[in-house]
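The sequence and structure are shown first.

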Amino acid sequence: MYKRQMRVEKILCFLAIAVSAAVFIYSLGIMTDLYDSLYMTMRNPNDLTKTSVPGSIVYYTMQGFTQMLMLSGLGLILLSVLLFLTNTHVRRKYYVGNFLSVGLWSAAALVVSVWGHFQINYFKGQFLQVDFEALRAHADMWKTLYTESTFWFDVHYVLFGVLILTAAAMIGNLFWKVSLMKQEDALLSGK
């Protein structure tokens, strides 16, 4: 039974690294379309009120959020590496470090998911307030990208959903491991 549990645990540890890396990559790519379509609409980046497209300020207001999301992705990657450093994926028994690494990664994944979801929905609302007729005219005149797509905003539902499911699976696996440890102790004590 331990072999199956440890195999699942190893898969979950690799999944934790993969989904953490996906959060980091997403933080780098979420602004791509906004940069291509909205950056050139700002006539003077030092005075954000001077724009040829009302609402294009969302590109600048999102900068702080994307930096924090990038740092959160890096933090998740480091915490998922901690799962391997504490040998969570190969130990028959858990020690304090194993409990801490699983708990920290799972808690961080939940916090990043909830915080990111609300922030992205807020900025998506701001993006939808852009004057798209003026943006189309600007794109035609300057041959820049025109998009009304909210694809990069909507991808977060899948990404953060996988992040939450992985955290739930890690916690479920923790309880499974504790149950197996109790069964082994009972078997060894002759009960």
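## Basis

The model is predicted, so local features need pLDDT of at least 70 and side-chain atom pairs count only at pLDDT 80 or more, while totals for chains, interfaces and linings use all residues. Residues are numbered from 1 along each chain as its sequence is written, and side-chain values use heavy atoms, with hydrogens and water left out.

Leaving aside residues up to four places away in sequence, Trp105 is in contact (heavy atoms within 4.5 Å) with residues including Ala16, Leu76, Leu163 and Met170.

## H4 and H5

The axes of H4 and H5 lie 10 Å apart at an angle of about 160°. Axes are lines fitted to C-alpha atoms over the stretch in contact, and angles run from 0 to 180 degrees between N-to-C directions. The pair is therefore roughly antiparallel (over 145 degrees; under 35 degrees counts as roughly parallel).

The contact of H4 with H5 has 16 nonpolar, five polar and no charged residues. In this classification Ala, Val, Leu, Ile, Met, Phe, Trp, Tyr, Cys and Pro are nonpolar, Asp, Glu, Lys and Arg are charged, and the others, Gly among them, are polar.

## H1 and H5

The axes of H1 and H5 come within 12 Å and cross at roughly 30°, which makes H1 roughly parallel to H5. Ala16, Val19, Ser20, Val23 and Tyr26 of H1 meet Trp105, Val112 and Ile120 of H5. These residues divide into seven nonpolar, one polar and no charged.

## Two buried residues

Ser72, in helix H4, has a relative accessible area of 18% and is therefore buried (under 20%; exposed is over 50%, partly exposed in between, with a 1.4 Å probe and protein chains only). Beyond four places in sequence, Ser72 touches Val112 and Trp115.

Thr86 is in the loop between H4 and H5 and, at 16% relative accessibility, also counts as buried. Beyond four places in sequence, Thr86 touches Arg91, Gly97, Asn98 and Ser101.

Conventions. Helix = DSSP H or I, 4+ residues; strand = E, 2+ residues; numbered from the N terminus. Parallel < 35°, antiparallel > 145°, perpendicular 65-115°, else oblique.
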